[in-house]
Amino acid sequence: MAHNNNNKKNVNSYDLVSLLIITLLVVIVEEAAEAVTDGETLLQFKKSLSNDTELANWSTSIPLCIPNTNDSNWKGLTCVNGSLYGLRLENMGLGGTIDVYTLSKLPTTLRSLSVIGNHFGGGIPEFKVLRGLRALYLSYNDFSGDIPDDSFEGMVYLKKVYLDRNEFDGRLPNSIVRLTKLVELNVESNRFVGRIPEFPRQDWKFLSFANNQFQGPIPSTLSNANVTAFLGNKELCGPPLGSTCKSSTSSNNKKKHIIIMVIIVTLVVAVIASIVFLCFRRARTKTATTSPPLLLLQPNKHGSTPPKVVNYEQFGAVKRANYHYDQYSSHNNMNSTVDLDHDMMRSSQGYKKRGSLQFVMKDRERFELEDLLRASAEVLGSGSFGSSYKALLLNGPAMVVKRFSHMNNVGREEYFHDYMAKLGRLSHPNLLPLVAYYYRKEEKLLISDFVDNQSLASHLHGNKRGVGLDWATRLSIIKGISRGLTYLYKEFPDVTLPHGHLKSSNVLLDQKFSPILTEYALVPLTNKDHAHRFMAAFKSPEFSSNNNNNKNRRISRKTDIWSLGILILEILTGKFPENYVDQGNNNNKKKKTSLSSSAGDLAAWVNSVVREEWTGEVFDKEMVRSGHGEGEMLKLLKIGMSCSEMRVERRLDWKEAAERIEELRERDSEDEDYSSYVTDWDVLSADDAFSFSLKH
């Protein structure tokens, strides 16, 4: 009997050991499965994305993170101590949808998600299924529509929400107000309406409701916030804004007065319009037998003579627009109104045999040269290359017509046509595409789309100097410029100057302040003497007009990088680079300056200020007002100085410059959240010849 009991005890012991072994094996297998599942889950998520070439190295054959480090093997992942922490899919050109339901199946809880600077659109995904998120960045995309009221329900760990620069509308969701840990909120540059909700928190790290359509009084809990957080909302009132809130009664009376005024003005306009219409019909009847007026695009015989534009029937005299492609050229003295009907009757023989436009952009609606020349037009500006016009086609888009009268030495006509075809094949979001062109031996016309938010130069130095150009916007602009220039370097590997004329007046901004480069890759077509005198690349130190040794006046593949460096410094400082101002004849003895000052006044000034440890004086005050990202500003300043080095051999090359610019983030890194703005490049290097400081 005792023997049987001992056997039972042994059997029970064996069973217990076996059970423990099986349990351990199950745990080990499950852990191994989890490691694989992370990768497989992300690959499943990737299937919902379009244009995902930047994620080509995602493969289950390699681990997500490098063990015991914060580095990842997979591009676009952030890791902490060898484990997945978040996704940083920024500025990759991604489209499609963000499959949040697949991401919610990750065994490792996702803490940070950033898709800044891509092409995601439509309504906001249901991020509330990612309950472990601490930071969410959706800036600079195409999301639109109302945000459902429960979109952030249950996201109790969320600390940072960035929805800025999209196309959201409607009211802010109540669920975002209930995020008790939220310390950073940016919803600027959307179309949100209604009143700003009562947020309980008062000690924000960052807050912005700017450039929306919010109305009514600012909540008392936000009255101590920076005033810049509320700018661009015409109907907001109360502290910290200077405007006081009016009572509802006076508001209703004002609305009634406005309605009455609108009715009166409408009646007056209708009467005036009827009179104008009758006069117009009479005038048109009288001139029916004459030739229709055209935009005069004859060669500029005297070089400095301002361009002229004819009247256009019902539009009368053409006005000079505030928009300029080359606002800071030396030819800004043109007449505001000109009547050239008589001159058109005496136009050159070449224009009597006009020929046709040559279209280089595929899938584009065609129009004739006559349609373009008969369109209503404005003079945009007159720069070193020639004159620019905005022509509004009948029932069509607005086009820009650029006259080039300094391309007479391009050689055979076939070369010009082949080169135009090559320009027409270029395609990049940061380049203004060539739509069509017109060839005459004496003069060429290049036609492109009209961009209606003016040039970077006008925003930096015009009437609204610096307005809307905060640090985040300027960084985004510089990154876009760098990407466009990088694309040109890749497309023109055998051309010394892929751009040749890079400066702020040749950078246009769309409605989202995305930069668009113009007048690029034209050096091979431009007359040599004209290029040397006016084009930005030939203002570089290695080709300075004050360099007495003409044999050393040679450009290189780093010359465009000098222009990029000067442009970076211009954007950071808000100061116009005087070295681009034409000093006239090269023999002008009144301008005796050293090589460094003539070739880079702005770079020399920045160097002198930085070496005196007054770096805070360098930055444009409109930019630093947001109060964050100072460390990243300093890094960009160093990049700009490295690009604009006077000695070519010490200057960054285009690849290194592009890589360093891409590493920059909108805000300084914060270890607690390991956000998408962490960077490894430390500007406060011990190897630097000088130190940086924002202290005044």
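1. A disulfide is taken here as a pair of cysteine sulfur atoms within 2.5 Å. By this rule, two disulfides are counted. The model is a predicted one. When the bonded cysteines of the protein chain are numbered in sequence order, the pairing reads 1-2, 3-4.

2. One of the disulfides joins Cys65 to Cys79, with an S to S distance of 2.0 Å. The torsion about its S-S bond is about -75°, so the link between Cys65 and Cys79 is left-handed. Cys65 sits in the loop between β1 (49–50) and β2 (77–80), while Cys79 belongs to strand β2, so the bond ties together parts that are 14 residues apart in sequence. Both ends fall under the 20% cut-off for burial: Cys65 is buried at a relative accessible area of 6%, and Cys79 is buried at 3%.

3. Cys237 and Cys245 also form a disulfide, and their sulfur atoms are 2.0 Å apart. Here the angle about the S-S bond is 105°, and the link of Cys237 and Cys245 is right-handed. As for accessibility, Cys237 is buried, with a relative accessible area of 10%, whereas Cys245 has 37% and counts as partly exposed.

4. A separate note on cysteine accessibility: Cys643 is buried, its relative accessible area being 0%.

5. On aromatic rings, the count comes to 18 aromatic pairs. Among them, Phe359 and Phe367 form an edge-to-face pair, with 5.1 Å from centre to centre and 80° between the planes. Phe359 counts as buried at 18% relative accessibility. Phe367 is buried too, with a relative accessible area of 10%.

6. Phe416 and Tyr437 provide another example: their ring centres are 5.7 Å apart and their planes stand at 70°, so this pair is edge-to-face. The pair links distant parts of the chain, since Phe416 is in helix α8 (residues 413–425) and Tyr437 is in strand β20 (residues 434–439), 21 residues apart. Phe416 and Tyr437 are both buried.

7. Which residues do ring pairs link into a cluster? The members are Phe120, Phe143, Phe168, Phe192, Phe199, Trp204, Phe209, Phe214 and Phe230.

8. Arg165 is located in the loop between β9 (160–162) and β10 (167–170). Is this arginine buried or exposed? Its relative accessibility is 8%, so Arg165 counts as buried. The Arg165 side chain makes a polar contact of 2.8 Å with the side chain of Glu188, and a polar contact of 3.3 Å with the side chain of Asp470.

9. With neighbours within four places in sequence set aside, Arg165 is in contact with Tyr140, Asn141, Glu188, Ser189, Asn190, Asp470, Thr473 and Lys512. This list includes Glu188 and Asp470, the partners in the polar contacts of 2.8 Å and 3.3 Å respectively.

How values were computed. Residues numbered from 1 in each chain as written. Heavy atoms only, no water. Helix = DSSP H or I, 4+ residues; strand = E, 2+ residues; numbered from the N terminus. Buried < 20%, exposed > 50% of the residue type's maximum accessible area, 1.4 Å probe, protein only. Polar contact = N/O pair within 3.5 Å; in protein donor to acceptor, adjacent residues only side chain to side chain. Contact = heavy atoms within 4.5 Å. Phe/Tyr/Trp six-rings, centres within 6.5 Å; stacked < 30°, edge-to-face > 60°.
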